[in-house]
Amino acid sequence: MIGINQKLLQFLTIIALTVSVFLSIHLYFPSIAQSNIFAQGEILVQNSSPSESSQKSTEEKKSYPVVLDGETLFEFHAEISGFPNQDRAAQVSQNLQELADNNSISTDDLKIVNLEGVRVITANKQLVVALIEADAKIENQSLDVLATEYLQKIKIAVNNYRQERTLSQLGLRAFWAIVSTILFILIFKFLNWFFPRISRRIIEDRSVIFRAVRIQNWSVFTVQKQKQFALGLLRIIKWAIILIVLYFYIPLLLSLFPQTERFGKSVFSSFYSALGQVWGAFISYLPSLFVIIITIIATYYLIRLCEPFFKAIEQERVTIPGFYADWAQPTYNLTVILIVALAAAIIFPYLPGFDSPAFQGISLLIGALVTFGGASTIANLIGGFVIIYTRAFQIGDRIKIDNHLGVVLEKTILSTRIRTPNNEIITVPNSSMIASTIINYTASLRDLEHPLILNTTITLGYDLPWRLVHETLVNAALATENILEDPAPYVWQTSLDDFYISYQLRAYTQDSIEVGDIYSELHQNIQDKCAEVGIEILSPHYAAVRDGHQNTIPENYLPKDYKAPGFRLHPLESFFKQNITKNKSNSETGEQ
């Protein structure tokens with residue numbers, strides 16, 4: 001309050017000093033004020049008689065407005081020599097502002113002073129605006145009529161300026177500002193009460209309003225998804241209402257006070273101008289934008305619809321004859337790629353700047369990169385789809401690719417990763433896989449429900465009864481863990497060679513992953529079972545010179561009184577007899 005009184009006192013002191021100075025000039029030096037006004041008028045008269053060429057250039061000069069409190073009163077089109085239009089309009093605007101702020105000068109004090117070729121509007125001997133013949137000519141009026149019209153505009157503008165800044169008007173405007181603020185707060189509180197209440201009703205709904213949409217055992221649009229959609233729509237509506245209220249509240253609040261009205265008009269006029277340009281561009285772009293939005297929405301919901309559909313196929317809740325469950329996920333990925341590619345092909349021609357050289361350059365660059373650098377990638381993609389839809393293997397299968405044997409860990413569109421028995425992770429490109437032979441040890445067990453056959457071969461001499469060998473090998477297989485009793489193991493005699501017979505043991509198992517452990521245990525059991533029945537597993541070539549050597553069966557399987565046999569040596573005489581007999585038989589054969 002003290003600060004306001006001090007400012008008011010300073011303002012009144014300045015007014016008193018100004019009035020006293022002008023009264024002194026008027027009372028004691030009237031000729032100075034008169035001469036000052038008329039001196040300016042003579043200057044204007046001297047500068048207001050341009051030549052014909054200068055008149056043409058004067059009419060072509062740019063116009064500048066005279067403004068008071070943000071309102072344009074009139075414009076200057078004619079330019080006085082040495083006094084540019086911009087400076088002239090700025091000076092008159094400043095004179096009007098000082099006049100409007102000086103409440104000691106009444107609008108009745110505004111008068112028109114007639115000079116030769118010039119009309120000067122003054123207030124208590126103060127120059128406000130001067131008009132010349134060129135101004136009247138451009139407006140197609142006489143100079144007196146134009147001066148009278150401008151005088152009336154100035155009076156109305158000054159009276160309105162002062163009227164809007166009276167205490168009664170400021171109080172009324174403050175009242176309406178408070179009312180509008182209270183109304184805005186009430187609207188905001190109502191929104192904060194109304195929308196949470198509706199949201200709770202939606203969340204607590206017991207499927208009275210919402211119903212699940214189903215196809216067979218697949219829920220296309222569940223109740224929970226419908227509730228989430230409704231809640232999201234409510235949030236959008238709430239914020240839209242808040243933005244609309246703010247859109248009207250802020251300009252209204254700023255326009256209630258003269259001090260902020262100009263700021264509000266300037267800010268929001270710029271904002272509305274930019275918004276108008278954007279809106280105009282938006283309206284012209286609206287048909288293309290409509291196509292883009294419809295395409296994006298259709299693409300989004302089509303993908304969202306495909307995801308649960310293929311998930312239901314993968315979980316075998318929806319079955320399609322001839323379509324396997326393991327095709328669901330890759331087919332979904334392929335479908336998404338095709339949908340997005342189709343949507344992009346539809347949208348691109350409607351994008352802003354689609355025909356611009358920059359956009360076309362980027363398209364050519366992408367095309368070149370795909371052409372020159374994506375050949376191997378495309379080959380891997382094709383190989384991936386071939387592997388998927390030929391069902392060569394699945395994740396978890398034990399496979400062999402070339403010299404790589406292991407369990408499939410990951411199967412992607414570009415490559416396949418397998419884990420070897422040595423825990424080595426091998427990544428094989430799909431393009432090389434389709435050119436290789438793939439052995440799957442799990443497919444028969446999974447798809448045909450036929451157990452996997454394990455086989456191993458041993459070679460034994462002709463001196464062993466083959467029935468004993470068969471029985472021993474079958475018992476070794478049955479003693480091995482994860483070997484099935486039904487179907488029963490069996491033995492094939494695959495060849496009869498010069499020194500030995502090849503016996504192949506074939507046994508069934510349901511475990512296609514831990515095959516290495518099964519083989520290891522099976523070989524151990526073959527050694528034990530053969531040793532129990534006295535069968536030596538050794539090279540038949542070695543058996544030809546066996547005399548005098550220790551039996552290779554482990555000692556715990558040999559009899560307690562076992563002794564190694566000695567060497568059997570034939571006398572030299574018998575050796576020569578055998579040779580003579582052999583030569584004699586050969587000669588007799590030759591004679592015959």
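At its relative accessibility, does Asn482 count as buried, exposed or partly exposed, and why? Asn482 counts as partly exposed because its relative accessibility is 38%, which lies between the 20% limit for buried residues and the 50% limit for exposed ones.

## Overall make-up

This is a predicted model, and the protein in it holds 18 helices and 15 strands. Of its 592 residues, 29% count as buried, while the accessible surface comes to about 38,000 Å², with 61% of that belonging to carbon and sulfur atoms. Among contacts between residues at least 6 apart in sequence, 57% join residues at least 24 apart.

## Packing of α15 and α16

Helix α15, residues 466-478, packs with helix α16, residues 515-532, at an angle of about 135°, and their axes are 8 Å apart. That angle makes α15 oblique to α16, and the crossing of the two is right-handed.

On the α15 side, Thr472, Leu473, Asn475, Ala476 and Ala477 take part, meeting Leu522, Asn525, Ile526, Lys529 and Cys530 of α16. By class, this contact has six nonpolar, three polar and one charged residues.

## Backbone geometry in loops

Most residues other than glycine have a negative phi, and most peptide bonds are trans. The loop between α15 and β14 holds Asn482, whose phi is positive, about 70°, although it is not a glycine. Pro487 lies in the loop between α15 and β14 (490-496), and a cis peptide bond with omega of about 0° joins Asp486 to Pro487.

Asp402, in the loop between β8 (398-401) and β9 (404-411), is not a glycine either, yet has a positive phi of about 55°. With 48% relative accessibility, Asp402 counts as partly exposed.

Note on methods. Residues numbered from 1 in each chain as written. Predicted model: local features only at pLDDT ≥ 70, side-chain atom pairs only at ≥ 80, totals over all residues. Heavy atoms only, no water. Axes fitted to C-alpha atoms, helices over the stretch in contact; angles between N-to-C directions. Helix = DSSP H or I, 4+ residues; strand = E, 2+ residues; numbered from the N terminus. Parallel < 35°, antiparallel > 145°, perpendicular 65-115°, else oblique. Left-handed = near helix turned anticlockwise from the far one by under 90°. Contact = heavy atoms within 4.5 Å. Nonpolar A, V, L, I, M, F, W, Y, C, P; charged D, E, K, R; others polar. Buried < 20%, exposed > 50% of the residue type's maximum accessible area, 1.4 Å probe, protein only. Areas by Shrake-Rupley, 256 points an atom, 1.4 Å probe, with all protein chains shown as cover.
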